[in-house]
Protein chains: 2
Amino acid sequence: MQDEPEVAVLRYGHRPGRDDRMTTHVGLTARALGADRVIFPDNAGQSRETVEDITDRFGGPFDVELTAELDATIRGWEGSVVHLTMYGERVQDVTGEIRETRRGDGEPILVVVGGEKVPFEVYEAADWNVGVTNQPHSEVAGLAVFLDRLFGGRELEREWEDADRRVLPQARGKRVVDGDGTGD
Amino acid sequence: MQDEPEVAVLRYGHRPGRDDRMTTHVGLTARALGADRVIFPDNAGQSRETVEDITDRFGGPFDVELTAELDATIRGWEGSVVHLTMYGERVQDVTGEIRETRRGDGEPILVVVGGEKVPFEVYEAADWNVGVTNQPHSEVAGLAVFLDRLFGGRELEREWEDADRRVLPQARGKRVVDGDGTGD
């Protein structure tokens, strides 16, 4: 989020076709829940287009990048690397420490979200391997809970810039207005 | 979770093939994050098999059901109905009230997670329409954050019964033991 050390999300691995929807959901979840940027493998151009389109319509700032260098992105990251995995330490035990490193030391965080099989080098390169439960479920769910806990819910209050449209919370039904809040 | 009013998750709509993975992730997320049961549309048999297989291996209790009667399940629910939608009230504003209804009055909760287009009747039938942000992202992410907030993190401490295997949290690498905690 703005005026805070960066949080970027790296989607590790992508199989075009089969993973398009999951990779897109990783990107949209990163955007909606307070990350500044998502980095996809370079074969995930279709997911990039979808996330950029949503950002154009619903606002930002939020960046989407492709890289051919997943491992180098992790190795070269100047800050902390958090790898989300069901084999990792419990999110409720380590998030406080991660949050302190970010806020206290101003360290940017790279959150690595596995797709296809993640090699052992990623576990080694990570400063924290973190499990949102030690149960098999969904990388999208794990990312969502981790970001909500990392930001302590502040991400839900974030303002969006340059939005074409904005959804106004409603007890019943749907209400969408122009980005500047005028008109339905 | 055990000794608490039931929380069930209803996946509203499923397109076989196209939605298999998302529907499976809804089910696995429901299980991992403290729900007691997931109800899928009756054309989602493949997702049911996958979730049941994970429950057999990693433990329960957790039930998976199919229904041809999505609307009747909502209308006939004896308890509160929460519909997760980006058009709804803000999760940070209403979860306290939902939690109180469940814990104070002992009301079971049905959490409705949209798949394909959700008809207006579902918005009408819900006691709460809740947005985990008013941004487009992922029904799996929305479900995860909602459950984590509904249970206030207690779901992360839940014990699993009748598990064949159990993952032990590790700072590096993977450690899986038998369900009773003996052996690697």
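Predicted model: local features only at pLDDT ≥ 70, side-chain atom pairs only at ≥ 80, totals over all residues.
Residues are numbered from 1 along each chain as its sequence is written, and chains are lettered from A, with ligands numbered from 1, in the order in which they are written. Local features need pLDDT of at least 70, side-chain atom pairs count only at pLDDT 80 or more, totals for chains, interfaces and linings use all residues, and side-chain values use heavy atoms, with hydrogens and water left out.

Helices and strands are DSSP runs, numbered from the N terminus (helices: H or I, at least four residues; strands: E, at least two). In chain A, helix α1 (residues 20-32) packs against helix α6 (residues 139-150). The angle is about 10 degrees, and the axes are 9 Å apart. Axes are lines fitted to C-alpha atoms, for helices over the stretch in contact, and angles run from 0 to 180 degrees between N-to-C directions. That angle makes α1(A) roughly parallel to α6(A). The cut-offs are under 35 degrees for roughly parallel, over 145 for roughly antiparallel and 65 to 115 for roughly perpendicular, with the rest oblique.

From α1(A), the contact involves Met22(A), His25(A), Val26(A), Thr29(A) and Ala30(A). From α6(A), Glu139(A), Val140(A), Leu143(A), Ala144(A) and Leu147(A) take part. Contact means heavy atoms within 4.5 Å. The contact residues divide into 7 nonpolar, 2 polar and 1 charged. Here Ala, Val, Leu, Ile, Met, Phe, Trp, Tyr, Cys and Pro count as nonpolar, Asp, Glu, Lys and Arg as charged, and the others, Gly among them, as polar.

Over all chains there are 2 aromatic pairs. Rings of Phe, Tyr and Trp (its six-membered ring) pair if their centres lie within 6.5 Å; planes under 30 degrees apart are stacked, over 60 edge-to-face and the rest tilted. Phe120(A) and Tyr123(A) are stacked, with ring centres 6.2 Å apart and planes at 20 degrees. Both belong to helix α5 (residues 120-125) of chain A. They are 3 residues apart, so about one helical turn separates them. Phe120(A) is partly exposed at 46% relative accessibility, whereas Tyr123(A) is buried at 5%. Buried means under 20% relative accessible area, exposed over 50% and partly exposed in between (1.4 Å probe, protein chains only).

In chain B, the rings of Phe120(B) and Tyr123(B) are stacked, with centres 6.2 Å apart and planes at 20 degrees. These residues lie in helix α5 (residues 120-125) of chain B, 3 residues apart. Phe120(B) is partly exposed at 45%; Tyr123(B) is buried at 5%.

Charges also sit over rings. Arg31(A) lies over the face of Trp160(A), 4.1 Å from the ring centre. In chain B, the charged end of Arg31(B) is over the ring of Trp160(B), 4.1 Å from its centre. The criterion is NZ of Lys or CZ of Arg within 6 Å of the ring centre and within 35 degrees of the ring normal.

Most residues other than glycine have a negative phi, and most peptide bonds are trans. Gly60(A) and Pro61(A) are joined by a cis peptide bond, with omega about 0 degrees. Pro61(A) is in the loop between α2 (45-58) and β3 (63-67) of chain A. The bond from Gly60(B) to Pro61(B) is cis, with omega near 0 degrees. Asp162(A) has a positive phi, near 55 degrees. This residue lies in the loop between α6 and β7 (165-167) of chain A and is exposed at 72% relative accessibility. Phi of Asp162(B) is positive, near 55 degrees. Asp162(B) is exposed, at 71%.
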